[in-house]
Amino acid sequence: MSISAFKIIFPGKLVTGNGTLSQLTNDVLDLQPKKIFIATITPLLKTIEDFTGMFKQQKIEVLVDTSIVAEPSFSDFETLMKKVAPFNPDLVIGIGGGSVLDIAKLVAAQLENKQQLRDYVGIGLLKGRKKKLICVPATSGTGSEVSPNAILVDDTDNQKKGIISPFLVPDIVYVDPLLTVSVPPAITAATGMDALTHCLEAYTNKFAQPFIDLFAFEGMRLIAANIVTAVKDGSNIEAREKVAMGSLYGGFCLGPVNTAGVHALSYPLGSMYHLAHGLSNAVLLPYVMEYNIVAAVDRYADVAVALGCTREADAWTTAKAGVEKIKKLNKACGIPTTLQEVGVKEETIPQMAMEAMKIQRLLKNNPREITEQDAVSIFKSAF
């Protein structure tokens, strides 16, 4: 495999470690903002009280918003901008799950921007960002804190649309695993398996890169070895830390390589059934892996090893063991194993396949071509 040119944009500053959130105040004060906008979630308001109070003591105006509670839509974003644009902060901080981080990234990009949101939906269309941006993940899953991606649901067709731009990579990122301790088991499971999927789809990607392989392999290893403990004992700090690092590594995979068939096929589950993104990916992952193995057997054998399987005499046997390992992880984490269990109706499968075909920006990365009929077959095998 020849190595093609690729580009990765890292955040300007990355701080990781248990309890590091307490250091964020100094970084914020160094930026000397007059106004700060913070997008977060209600359960974290108590956590951020200390530093918002400190900002106010420094005569910095702070506007906090907790309106984003699920995967945000274009109209959610426009409603929020009506509140934030007149305030016009110098600095935007996102503290929360992937939806909150995505919206914070887009708010920072839209402020004082002559482009409208619809002008830069797609890849590389955003022309810049004038405001400073800090992201702090409170779940271990999306990797949004270090990725150039943001996803919104388009109200006009109910489709998820991606905005991908290097200008969406934050200036400063804090990954404090202690923020994830209070995350409930079901969310820990779905977001953790989502992060594992980011790593797995990058490693088996048609456009896989040796540099990104390092993050992808280690991310799979860390998450597979620790996700069940993190789900069953949320107060286990070591497990939380390892899964948080795996999620971060998955985020690094998203810019230069990105995801593939699993994510493309999960989009209709979100738009048609409003299933959480991570849950959709987790349910579909073993079935897409089974479909793909024939096209990348050596890569899938490596995946199995990263997941903790023994390398067998032939790659096919090893790769198949990796699929079974994912099924076991899902089951141990309490994740449903079929589409039927999450409320999908069999008669909607043809429509789901048709909708999935619209996500060519991800399907083109899959190691094996997925046609509409192939998508139908995969959904039926997952049913």
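**Figure 1. Lining of the second largest pocket by residue class.** Ala, Val, Leu, Ile, Met, Phe, Trp, Tyr, Cys and Pro count as nonpolar, Asp, Glu, Lys and Arg as charged, and the others, Gly among them, as polar. On that basis the lining of the second largest pocket has 15 nonpolar, 10 polar and 3 charged residues. The model shown here and in the other views is predicted. The second largest pocket holds about 520 Å³ of space. In total, 28 residues line the second largest pocket, and Lys7, Ile164, Leu254, Gly255 and Pro256 are the closest to its centre. Helix α7, residues 237–254, gives the largest share of the lining, 3 residues.

**Figure 2. Packing of helix α10 against helix α11.** Helix α10 spans residues 297–306 and helix α11 spans residues 315–332. Their axes lie 7 Å apart, at an angle of about 50 degrees. That angle makes α10 oblique to α11. The crossing of the two helices is left-handed. On the α10 side, the residues in contact are Val297, Asp298, Tyr300, Ala301, Ala304 and Val305. They meet Ala315, Trp316, Thr318, Ala319 and Gly322 in α11. By class, this contact has 8 nonpolar, 2 polar and 1 charged residues.

**Figure 3. Crossing of helix α5 and helix α8.** Helix α5 covers residues 185–203, and helix α8 covers residues 261–273. The two axes come within 9 Å and cross at roughly 135 degrees. Angles over 145 degrees count as roughly antiparallel and those from 65 to 115 as roughly perpendicular. The α5 and α8 pair is therefore oblique. From α5, Asp194, Thr197, His198 and Glu201 take part in the contact. From α8, the partners are Gly261, Val262 and His263. The contact of α5 with α8 has 1 nonpolar, 4 polar and 2 charged residues.

**Figure 4. Packing of helix α12 against helix α14.** Helix α12 runs over residues 349–356 and helix α14 over residues 372–382. The axes of α12 and α14 are 8 Å apart and form an angle of about 130 degrees. This makes α12 oblique to α14. The crossing of α12 and α14 is right-handed. Which residues meet in this view? Ile349, Pro350, Met352, Ala353 and Met354 stand on the α12 side. Glu372, Ala375, Val376, Phe379 and Lys380 stand on the α14 side. The contact of α12 with α14 divides into 8 nonpolar, no polar and 2 charged residues.

Definitions and conventions:
Residues are numbered from 1 along each chain as its sequence is written. This is a predicted model: local features need pLDDT of at least 70, side-chain atom pairs count only at pLDDT 80 or more; totals for chains, interfaces and linings use all residues. Side-chain values use heavy atoms; hydrogens and water are left out. Axes are lines fitted to C-alpha atoms, for helices over the stretch in contact, and angles run from 0 to 180 degrees between N-to-C directions. Helices (H or I, at least four residues) and strands (E, at least two) are DSSP runs, numbered from the N terminus. Angles under 35 degrees count as roughly parallel, over 145 as roughly antiparallel, 65 to 115 as roughly perpendicular and the rest as oblique. A crossing is left-handed if the near helix is turned anticlockwise from the far one by less than a right angle, and right-handed if clockwise. Contact means heavy atoms within 4.5 Å. On a 1 Å grid over the protein atoms alone, a cavity is a set of points where a 1.4 Å probe fits but cannot get out, and a pocket is an open set with protein on both sides within 12 Å along at least five of seven lines; lining residues have an atom within 4 Å of a point. Grid points are joined across faces, edges and corners, and a volume is the space filled by probe spheres set on the points.
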